[in-house]
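Please open the model in your viewer and keep the selection tool at hand.

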Amino acid sequence: MTSDLTEIVVVGDDDTGLIAEITSTLFERNINIEDLDQAVREGVFRMTMRVDTSEMIVKEETLRENLHELGDDLGVDVQVRFPDDRETQQIAVLATKESHCLEAIFEAWASGNLGADVEVVIANHSDLEPLAEKYDVPFHDIGDEKGTPDEGELLDLLAEYDADLVVLARYMRILSPDVVFRYEDRIINVHPSLLPAFPGASAYMQAIEEGVRIAGVTAHYVTTDLDQGPIITQRAFNVPDDATEEELQQIGQPLEAEALLEAIDLHLTDEVTVHRGRTRLRDPEDTDAQLGAPRDLDQANPDRPIDGLGEYVADQGDGEGSDEEPEAEADD
């Protein structure tokens, strides 16, 4: 969300007239809608608006109360986030059993390099509770004996801890539209492949089976389409001959943590924006970030030949700039 706009998110059962009711309420309060996007998935309606409240004729709390009351009348949940709601943003981390990404987040937080506070760890297994206790962070296991999470409890916890950003630190469960829609462009996941290649489970094994020579990891925003959200950062590495899945994990896990931390930083500092399913830097010249491969690779890559620049090509043709191909000679 841009720093000077207010974000309004509406989520609930799909019904007619929802958009008109909400937008009319904003118009009556002299609020200009800068951007509006809506979708329906599995019967769940979501509308995200970014609005200019700088000239509205009511107080912020009044607008929040009005929209909450309207949401109750319409049977939908309405969230309002003003630009100045808080100076320090709050992160909720979702995890399963793998510790490397959660540990990297904790270390960055403890050293003052995270740019936000880790308010809670929510997991579908209890394995990582000792790690959360080490950093004195509340831990909630919302999974049953098979690790199936209670998404109602998840939503309650995210609301209780007032999460600004949800980070999936190798959380091995798919989030439903009911969760994703409420935190659109505010959920970051890290996946062990160079998306869009090898989505879903066992990505490192998929890379081995397909025989790729270069594999990698991707940090991206979560959408309702599995592993297809807007890409923020990526890291790549060479795949050794006859590599095992465990060997690729050992190579990839540190890069997973690095790419995830880079993506978190870009989000928290509002240096990345999402437009039509693609992320872009707001100020590319002023942003010091590694979005993909190291800059050293640019120097290592060959710079010739480039189509159209060879001396032979330049001397051919019957005129400068001609793109006509010579007539083929008959074989006789």
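Begin with Gln 89, where a polar atom of the side chain lies 3.2 Å from the backbone oxygen of Leu 268. The model on display is a predicted one, and all values given here are computed from it. Gln 89 belongs to strand E5. Now show the surroundings of Gln 89: leaving aside neighbours within four places in sequence, the residue is in contact with Ala 116, Asp 117, Asp 164 and Leu 268. One of these, Ala 116 in E6, stands opposite Gln 89.

**The seven-stranded sheet**

Seven strands form an open sheet in the order E7-E6-E5-E8-E9-E10-E11, and the pairing is mixed. At the edges are strand E7 (139–141) and strand E11 (231–238), each of which pairs on one side only. From one strand to the next, the twist averages 20 degrees.

Select E5 and E6 together. These two strands are parallel and pair over 7 bridges. E6 is mostly covered, with 6 of its 8 residues buried.

Select E9 alone. How many of the residues of E9 are buried? The count is 5 of the 5 residues, so E9 is largely enclosed by the rest of the structure. Display the side chains of this strand. In a regular strand, side chains alternate between the two faces of the sheet. In E9, Ile 187, Asn 189 and His 191 point one way, while Ile 188 and Val 190 point the other way, and all are buried.

E8 and E9 run parallel and are joined by 3 bridges; here Val 166 has Ile 187 in E9 as its bridge partner. E9 and E10 pair in the antiparallel sense over 4 bridges, and Ile 188 stands opposite Tyr 221 in E10.

Strand E10 (residues 214–221) runs antiparallel to E11, to which 7 bridges join it. Within this pair, select His 220, which stands opposite Ile 231 in E11.

**The second largest pocket**

Rolling a probe the size of a water molecule over the atoms shows where empty space is left. Turn to the second largest pocket, whose volume is about 560 Å³. Its lining comprises 29 residues, of which Tyr 171, Met 172, His 191, Gly 200 and Asp 227 are the closest to the centre. The elements that give two or more residues to this lining are E9, helix H7 (203–210) and helix H8 (245–268). Which element gives the most to the lining? Select H8, which contributes 4 residues.

**The four-stranded sheet**

Move to the other stop with a sheet. Here 4 strands form an open sheet in the order E2-E3-E1-E4, with antiparallel pairing. Its edge strands are strand E2 (32–41) and strand E4 (76–81), each pairing on one side only. On average, neighbouring strands of this sheet are turned by 10 degrees against each other, direction ignored.

Select strand E1 (residues 6–13) with E3: the two pair in the antiparallel sense over 8 bridges. At Asp 13, the bridge partner in E3 is Val 44.

Select Arg 64 in helix H2 (residues 60–74). Is this arginine buried or exposed? Arg 64 counts as buried because its relative accessible area is 17%, under the 20% cut-off. Its side chain reaches the backbone oxygen of Val 80 at 2.8 Å. Not counting residues up to four places away in sequence, Arg 64 touches Val 80, Phe 82 and Asp 85.

Finish at Arg 50, in strand E3 (residues 44–52). Arg 50 is buried too, with a relative accessible area of 15%.

Methods: Residues numbered from 1 in each chain as written. Predicted model: local features only at pLDDT ≥ 70, side-chain atom pairs only at ≥ 80, totals over all residues. Heavy atoms only, no water. Pairing = 2+ DSSP bridges. Axes fitted to C-alpha atoms, helices over the stretch in contact; angles between N-to-C directions. Buried < 20%, exposed > 50% of the residue type's maximum accessible area, 1.4 Å probe, protein only. Polar contact = N/O pair within 3.5 Å; in protein donor to acceptor, adjacent residues only side chain to side chain. Contact = heavy atoms within 4.5 Å. 1 Å grid on protein atoms, 1.4 Å probe; cavity = no way out; pocket = protein on both sides within 12 Å on 5 of 7 lines; lining within 4 Å. Points joined across faces, edges and corners; volume = space filled by probe spheres on them.
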